[in-house]
Amino acid sequence: MIYQRGVEMGSEFKAKGAHIILGPVSGPLGRVALGGRNWEGFSPDPYLTGVGMRETISGLQSVGLQACAKHYILNEQESQRNPSFPNGTMQYSDPPEATIKSVSENADDRTMHEIYLWPFADAVKAGVSSVMCSYNRINGTYGCQNSKTLNGLLKEELGFQGYVVSDWGTKQSSHSLQVFL
Amino acid sequence: MEMPGDTPNVTFAITNYWNGTIQEFRANGTLTSSRLDDMVLRSLTPYFYLGQDVAYPSVDPSSGDLNALYPPMYRYDFNLTGTRSRDVRDSHAGLIRALGAQSAVLLKNENGALPLKAPKNIGVFGSDAADSVNGQYGFQEEDIGTLPIGGGSGMLRQYLLQVMLD
C-alpha cells in the first residue's frame with residue numbers, strides 16, 4: 001500500500017510538471033514527541049521507517065519522479081534549527097558577527113548507524129535520486145558542510161551516487177560548495 | 001545542488017553562492033574540475049536515468065504563483081506554459097480512504113471480550129475526534145478538534161476532511 005501511495009503521489013506531481021518531490025522523510029526520525037516535523041515521517045522506529053522510505057521511493061521513482069530523502073541528518077527539533085541574532089531574528093547564513101548558531105544535535109557512531117542512519121541506508125539502497133542536508137549542526141558542524149555525514153557516511157559508506165540538495169537557504173560558508181554538496 | 005536558487009532580492013536567501021562563486025573558486029583552484037564534474041554528474045544522472053528528458057509534462061503555471069518564492073523573484077526567466085491549475089487527483093481518493101482505515105489501531109473483539117453486545121451509548125473520547133473550534137490550522141494548545149496536518153513544507157490544505165465524530 002505504501003508503494004501504491006508512492007505511485008499515485010508520483011503521478012500527481014508529474015502531471016503538475018514537477019521533476020522532484022521533496023520527500024519521503026526519515027529525519028526527524030522522532031526522537032522527541034514534540035518534534036515539529038515528526039508528522040512528515042513514518043515512525044520513530046528505524047526499521048519501520050526504512051520500509052516506508054524504500055516503498056515510497058520505489059513507488060515515486062517508478063513513475064519517473066525524482067525522490068529526495070530528507071532531512072539528512074539528526075534534524076530532531078525545529079527550535080533553533082537556523083542560526084539567529086541575539087534578539088531572536090532568524091538568519092539563514094552564518095556571518096562572522098556575533099550570532100547564535102544552529103542547534104547542534106550530537107550522537108555517537110553506534111547511535112548514528114543503528115538508529116538515525118538506518119532508514120537513509122534503506123533509501124539509498126532503493127535508489128533515491130537525492131538527499132537533502134539539514135539546517136541543524138551534527139556534532140558541531142552544519143549539516144550541509146559536514147564531511148563526516150555527507151562524504152564519510154553517505155557517499156562512501158552507503159555508496160550514494162545521487163546528488164545532495166541543501167535545505168532552503170542553508171549553505172553556511174564556501175565550505176559547502178567547495179567540498180560537500 | 002543549492003536551494004532555493006538564484007534569488008537576489010529575497011531576504012533570507014540572498015547570499016547564494018553559485019552565482020559568481022563557482023567561477024571564482026575555479027579560477028583560484030579552490031574548486032577542482034574533478035569535483036565540479038562530480039557535482040554535475042550526480043545532479044544530472046537521475047534526470048536522465050528516470051527518463052525525465054523525454055515527453056515530460058510542462059510545469060503548471062499556477063504552481064509558480066502558489067510558491068512562497070514565485071517566478072518574478074528569480075533571476076532566471078521562468079516561461080511557464082501549458083494548462084493552468086490542473087486537477088491531478090484522478091481516482092486517488094479510494095486509496096487515501098483505504099490508507100486512513102488501515103492506519104487506525106483497533107482492538108480485536110476475540111471471544112466477545114469487549115462489552116459490545118447491545119450498547120445503548122457509545123462514548124467518544126479525545127479532542128482529535130471533533131470538528132476544530134478554532135479552524136483547521138489553529139495550532140493552539142488548548143484547542144478542541146482534530147489537527148489534520150502539521151506545519152512545515154509538507155503542509156497543505158485539505159479538500160475534504162472527515163471528522164471522527166461524524
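The exercises below work through parts of a predicted model, each with a solution in steps.

**Exercise 1.** Describe the helices and strands of chain B, and state what share of its residues is buried.

*Solution.* Begin with the elements: chain B has 4 helices and 0 strands, and reading along the sequence gives the pattern α-α-α-α. Next, turn to burial, where 23% of the 166 residues in chain B are buried. Then consider the contacts in chain B between residues at least 6 apart in sequence, of which 29% join residues at least 24 apart.

**Exercise 2.** Decide whether A:I73 is buried or exposed, and find which residues A:I73 touches.

*Solution.* First locate the residue: A:I73 sits in the loop between β2 (66-72) and β3 of chain A. Its relative accessibility is 1%, and because buried means under 20%, A:I73 counts as buried. Leaving aside residues up to four places away in sequence, A:I73 touches A:M112, A:Y116, A:L117, A:F120, A:S134, A:N136, A:I138 and A:T149.

**Exercise 3.** Work out where the partners lie in the salt bridges of A:E114 with A:R110, of B:D38 with B:R42, and of B:R84 with B:D65.

*Solution.* Take chain A to start with, where the closest N and O atoms of A:E114 and A:R110 are 2.8 Å apart. Both residues belong to helix α3 of chain A and stand 4 residues apart, about one turn of the helix; A:E114 is partly exposed at 42%, whereas A:R110 is exposed at 59%.

Move on to B:D38 and B:R42, whose side chains meet at 3.2 Å, N to O. These two are separated by about one helical turn, because they are 4 residues apart in helix α2 of chain B. B:D38 is partly exposed at 26% relative accessibility, but B:R42 is buried at 14%.

The remaining pair, B:R84 and B:D65, meets at 2.6 Å, N to O. This pair links distant parts of the chain, 19 residues apart, with B:R84 in the loop between α3 (61-66) and α4 (93-103) and B:D65 in helix α3 of chain B. B:R84 is partly exposed at 46%, and B:D65 is partly exposed at 48%.

Notes: Residues are numbered from 1 along each chain as its sequence is written. Chains are lettered from A and ligands numbered from 1 in the order in which they are written. This is a predicted model: local features need pLDDT of at least 70, side-chain atom pairs count only at pLDDT 80 or more; totals for chains, interfaces and linings use all residues. Side-chain values use heavy atoms; hydrogens and water are left out. Buried means under 20% relative accessible area, exposed over 50%, partly exposed in between (1.4 Å probe, protein chains only). Contact means heavy atoms within 4.5 Å. A salt bridge is a side-chain nitrogen of Lys or Arg within 4 Å of a carboxyl oxygen of Asp or Glu.
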